[in-house]
Amino acid sequence: MRRSGIKLLALVALLGISGLTIAQNPTPENKGLQNPVPKSSASDAKKQAFRQFLERQREMQKQAAAPATKPATPGGLRTIENPAAKPAMEMPAAEMPAMPGKAAPAKGLPIPGANPRELTAEQRQQLLERQREAYAKMPRPTESQLQSIVKTAKVVEKKRDQNSEGLPKVAPQSPSEVARAIDASLVKELAPMLKAAAPATKTTPVSISSTKCDDATYLRRVYLDIIGRSPTPEELTAFSFDPSSDKRAVVVDRLLAQKEYGENWARYWRDVVMYRKSDDRGAIAARPMQQYLAAEFNKNTPWDEIARKFIAAEGLVAENGNTAIFMAQMGEHEDVTSEMSRIFLGIQMQCAQCHDHPTDRWKREQFHELAAFFPRNSTRPESQDNQFSYIVMSVNTEPRFRFGGNNGRPRASNEHYMSDLKDPTARGTRMEPTFFISGKQLPSGLTDLERRGAAALMFTGEDNPWFARAVVNRLWSELCGEGFYEPIDDIGPDREATAPKTLDLLSAQFQANNYDLKWLMRTITQTDLYQRPSQSRRNPDQVPFQANVAQRLRGDQLYSQLTSALGISEVSSAGATFGRGLYGRDTRTQFNGVFGYDPSVRRDEVTASIPQALALMNGQSNYAIDGSRRGSVLESILRKNPDNNDAIQEIYLRCLSREPSENELQVSLEHVKKNSSRSRAFEDLFWALLNSAEFHHRR
Amino acid sequence: MSLQLHRCVSARTTRDGFVSRRDFLRGISTTALAAGALTWTDMMTAKADELRKQGRACILLYMQGGASQFETFSPLPGHANGGETKAIDTNVAGIQIAEHFPEMAKTADLYTIIRSMTSKEGSHPRASYLLHTGYLPTASIKHPSIGSITAHEIADPTSELPSYVRVGGRGNFATGGFLGVKYDPFDIANATLPPVNSKPTTDNTRYRERLDLLDRLQSDFARTNPAEANDQKQLYGQASRMILSPEMKAFDLNQESSKSREAYGRSSFGSGCLLARRLVEAGVPFVEVVSGNWDTHDDNYNRVKGLAGQVDKPMAALLRDLKERGRLDDTMVVWMGEFGRTPTINPRGGRDHYPRVFTTWIAGGGVKGGRVLGKTDRSGSAPEERPVTVADFLQTICHSLKIDAAKQNMSAIGRPIKIVDGGKPVLELFS
């Protein structure tokens with residue numbers, strides 16, 4: 001993709017962020033400021049040269065960019081006053097990148113008025129290095145400064161949500177203690193529903209069953225849930241023969257300590273973000289995000305800390321996996337806003353983007369006040385030499401040019417304006433950053449990092465119950481197959497939860513346990529419900545939370561399971577490319593393109609596709625199960641297991657992590673018997689298990 | 001519809017504003033079916049008859065990257081912006097197109113050129129999404145592409161072939177979106193090969209035996225997890241019916257005479273166009289054939305000349321063929337890219353992205369050919385007459401396919417989304 005216009009803009013904007021103040025035009029917003037930006041120490045001549053430099057760039061940009069894009073500020077590049085900026089926040093003049101005259105000719109840096117296109121690659125690289133250094137040195141608000149911003153923020157009472165009181169403060173308890181409390185709480189909360197349902201439905205058991213699933217089912221379940229693959233026959237055997245009574249909890253601890261735990265959940269969250277990317281280029285953040293999160297999850301970094309890093313992210317996308325939400329939306333700050341709210345609070349605000357929410361309390365202005373936390377970030381190619389290296393950074397200067405950005409509305413400010421629905425071309429109303437839960441409003445004109453840093457603290461603050469509820473509800477739903485709220489990312493004060501007291505009990509404990517994700521996994525896996533036998537999703541008129549609900553495996557889980565069943569390192573899904581969610585060319589990613597799905601969608605709404613069925617029926621796995629090919633997985637099983645019963649058992653263990661039932665053994669044996677070729681008969685059996693619904697689901 | 005079904009459905013709609021797919025099917029099976037009020041198959045069959053009569057289809061020829069209007073169907077001889085590209089006469093007096101399209105010049109009576117397409121979106125991914133869905137991409141809603149919409153709205157549900165086939169396409173901008181993976185394009189990477197994984201690795205008898213074994217082995221699982229087992233059985237049934245279907249021969253270009261192969265040319269785009277015609281004849285309502293590399297930021301003249309050489313003959317062959325076979329009246333052929341290219345030539349001899357005014361053409365599907373709609377100003381920089389927006393354009397396709405563009409489908413978050421938001425069909429094309 002060659003996008004010369006954008007390239008040039010990137011460079012212009014990079015220069016712009018350095019804090020240079022040019023043509024200081026007071027605007028209505030910045031009259032009467034307390035902290036005027038210090039004057040640049042550069043001489044007037046230098047300023048003049050630099051201004052010419054920018055003018056030229058603007059001219060070129062005008063030619064290169066689509067004429068449909070008009071620079072909305074006639075004055076051209078103009079640094080808007082930044083009222084809250086402390087002098088320290090400004091770039092020291094000595095660090096000003098690409099300042100004409102600063103360029104030492106010996107180093108080959110640009111001369112005043114130089115056309116950046118005429119610079120050599122080496123010169124551009126040097127320029128870029130300087131800009132990077134300068135940006136890195138830009139002072140950032142400290143933790144305590146951010147806390148004081150939040151603490152001193154005024155609360156606008158009518159914007160505070162009355163139904164969103166903070167969760168109760170409780171003393172932290174252990175997973176087993178909390179799991180027992182949940183069991184009891186669920187019994188209590190579900191009792192009226194069971195009573196009411198009893199006469200009407202014949203299919204629902206009238207009493208809460210506390211039966212536990214068998215060991216094999218449990219083991220495959222925790223393996224798939226925690227580390228994203230099914231257990232090997234050896235792991236299954238070891239577990240079955242372990243006589244200890246606490247082995248179920250012990251295996252969870254062991255799995256949580258494995259690296260695969262972080263990898264599995266990093267892939268999960270990658271999908272949460274990437275399935276909503278509004279631009280294919282956002283895919284470049286997929287891998288960095290996954291690597292970053294895998295490390296954080298394995299370190300067991302508290303969830304609030306992770307969330308804060310995503311909200312206040314900056315830097316090169318390739319090196320900072322926490323920039324993924326910005327990259328997935330290409331920095332379109334209204335989209336970023338709705339995603340931050342959806343992912344971390346489970347609250348979907350975006351309907352209020354254009355009108356007051358039809359079913360929820362959110363007013364249109366509340367969405368836009370939330371968006372006002374995010375307008376000063378920018379996501380763009382870092383340099384013209386590498387269009388695939390994107391950066392998320394603060395831009396406290398204005399304006400930003402963009403083809404039809406902001407849904408075609410004019411974008412010429414680093415403040416957020418709520419558009420006027422009756423006059424879409426008008427600038428609209430300037431919004432002040434106000435958090436819709438606590439009603440806290442930031443003072444005018446804070447910098448990008450101050451706003452987002454404050455937002456990060458407000459999102460994850462203990463006075464906001466939705467932060468804990470959202471992730472607890474999500475993980476509960478992933479592990480038990482049914483959420484308290486559904487869909488899992490559409491919760492909030494106007495939604496009705498199943499067993500809300502149980503959700504709050506777990507959420508308050510999660511908060512008291514310092515947002516410890518491993519603690520949460522341990523707790524949920526120890527509940528009664530988690531360990532129940534598997535069932536299909538209930539009918540709408542049946543009582544919730546009666547069984548652990550089967551779920552279609554995510555693409556990554558299926559891939560891991562398939563490769564391990566086939567005893568190979570990778571399976572290609574040839575031709576099954578260019579599907580949804582593509583972000584790489586390795587076989588796992590391609591496979592995900594075919595078999596993956598958006599994990600935020602209600603699980604029984606996820607449908608399988610014909611290309612998926614075709615890939616497993618007729619695809620490459622048939623090569624691996626060719627019993628006549630020496631060295632194939634099937635040939636080796638048949639060689640090592642001359643007894644047919646043993647061979648059948650082995651194939652069941654490999655594919656479904658369990659032994660065949662009596663009935664299944666009989667059917668299999670019959671099939672082998674009526675076939676003249678043993679290897680052919682076993683190929684059929686292997687094929688049938690790989691294509692079975694059970695193989696594709698976690699029970 | 002039975003009362004009970006209604007109750008069950010409305011119970012869901014009040015909370016989420018939409019009915020969950022499985023709940024709805026369950027509702028049907030447990031209440032209405034038992035009561036004998038209606039059957040799913042009855043409904044489907046009734047609908048199918050109506051649709052078969054309709055027989056409407058669309059072939060989208062997509063020039064990925066954004067074809068230059070000046071070097072294709074809107075040359076600008078005599079103006080600096082026209083560059084070195086010459087215009088040639090066509091078989092319709094008064095219509096000229098670029099010299100690189102001699103075959104299309106001979107069939108100009110079959111299509112109508114729209115020279116006043118206009119949009120605001122100049123980035124590839126966003127514009128591709130816009131031209132395929134009519135919407136700009138957002139985080140919260142994934143919109144279905146026009147091909148998926150067609151499959152959803154007018155495909156014959158009893159057909160054994162996929163209803164939206166894409167040949168040579170790539171990218172995530174054309175998916176079933178909130179309609180689901182079922183409406184994703186069925187991708188064919190190479191038109192001369194059978195669809196990927198569509199050939200059983202065993203003979204048909206053994207294949208059926210395998211399916212039967214699979215079925216018997218699933219009975220235990222089906223007892224605890226009937227929904228999962230059932231879904232899988234239906235999907236495998238559908239997939240198997242498809243690949244074992246005699247209709248699959250529609251994908252086999254070897255069934256064509258060598259004369260016909262030569263008429264289209266044996267290039268990948270030519271083979272794709274021929275495949276499109278075969279599929280449409282077999283009842284597939286939407287086929288997209290993609291030609292790539294139109295993003296000519298440098299060496300524009302030579303590159304477009306080369307690209308034109310790849311598409312000119314196949315496109316003309318397709319139009320003639322459909323005409324001769326009497327299929328052009330109910331098959332709309334649409335030619336478009338995601339935007340046009342700048343009137344001015346950049347220093348590298350290229351043209352950059354330009355959505356403000358660009359060119360498309362439409363043939364068949366009720367559209368009268370041999371005309372030009374709209375015009376630009378003298379410099380080719382702005383639409384001057386009859387601007388056609390992306391919404392107008394998609395409305396026009398819907399009009400031809402008899403799809404109600406104002407119909408609202410429910411997105412996953414329970415927000416109703418119009419098939420096309422705004423715009424009006426360009427009715428003068430049809431008269």
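Let's start where two helices touch: Pro175(A), Val178(A) and Ala179(A) in helix 5 of chain A meet Trp519(A), Arg522(A) and Thr523(A) in helix 18 of chain A. Sorted by class, this contact of helix 5 with helix 18 has four nonpolar residues, one polar and one charged. Keep in mind as you look around that the model is predicted.

How do these two helices lie against each other? Helix 5 of chain A covers residues 175–197 and helix 18 of chain A covers residues 517–525; their axes come within 8 Å and cross at roughly 50 degrees. That angle makes helix 5 of chain A oblique to helix 18 of chain A. As for handedness, helix 5 of chain A passes helix 18 of chain A in a right-handed crossing.

Next, look for Phe595(A), which is found in helix 20 of chain A, residues 587–595. Is Phe595(A) buried or exposed? Phe595(A) has 29 other C-beta atoms within 10 Å; a residue counts as buried at 20 or more, so Phe595(A) is buried. If you leave aside its neighbours within four places in sequence, Phe595(A) is in contact with Gly555(A), Leu558(A) and Gln612(A).

**Where the chains touch**

Now bring chain B into view. The contact takes 71 residues from chain A and 75 residues from chain B. On the side of chain A that touches chain B, several elements each supply at least two residues, among them helix 1 (4–16), helix 2 (44–64), helix 13 (333–345) and strand 8 (534–535). Which element of chain A gives the most to this side? Helix 21 of chain A does, with six residues. By class, the side of chain A that touches chain B has 25 nonpolar, 29 polar and 17 charged residues.

**A look at chain B**

Chain B has 13 helices and 17 strands. Of the 431 residues in chain B, buried residues make up 54%. Among the contacts in chain B with a separation of 6 or more, 71% are accounted for by residues 24 or more positions apart.

Helix 6 of chain B runs over residues 146–154, and nine of its nine residues are buried, so helix 6 is largely enclosed by the rest of the structure. The buried residues of helix 6 of chain B include Ile146(B), Gly147(B), His152(B), Glu153(B) and Ile154(B).

**How confident is the prediction?**

For the model, the scores are ipTM 0.78 and pTM 0.81. Chain A has a mean pLDDT of 81, and 77% of its residues reach 70 or more. Chain B averages a pLDDT of 87, with 87% of the residues scoring at least 70.

| Stretch | pLDDT | Contacts beyond four places in sequence |
|---|---|---|
| Residues 1–43 of chain A | under 50 | 92 contacts |
| Residues 575–581 of chain A | under 50 | 28 contacts |
| Residues 1–41 of chain B | under 50 | 45 contacts |

Key
Residues are numbered from 1 along each chain as its sequence is written. Chains are lettered from A and ligands numbered from 1 in the order in which they are written. This is a predicted model: local features need pLDDT of at least 70, side-chain atom pairs count only at pLDDT 80 or more; totals for chains, interfaces and linings use all residues. Axes are lines fitted to C-alpha atoms, for helices over the stretch in contact, and angles run from 0 to 180 degrees between N-to-C directions. Helices (H or I, at least four residues) and strands (E, at least two) are DSSP runs, numbered from the N terminus. Angles under 35 degrees count as roughly parallel, over 145 as roughly antiparallel, 65 to 115 as roughly perpendicular and the rest as oblique. A crossing is left-handed if the near helix is turned anticlockwise from the far one by less than a right angle, and right-handed if clockwise. Two residues are in contact if their C-beta atoms, placed from the backbone, lie within 7 Å. Ala, Val, Leu, Ile, Met, Phe, Trp, Tyr, Cys and Pro count as nonpolar, Asp, Glu, Lys and Arg as charged, and the others, Gly among them, as polar. pLDDT is the predictor's confidence in each residue, from 0 to 100. A residue is buried if 20 or more other C-beta atoms lie within 10 Å of its own, exposed if 12 or fewer, and partly exposed in between; C-beta atoms are placed from the backbone.
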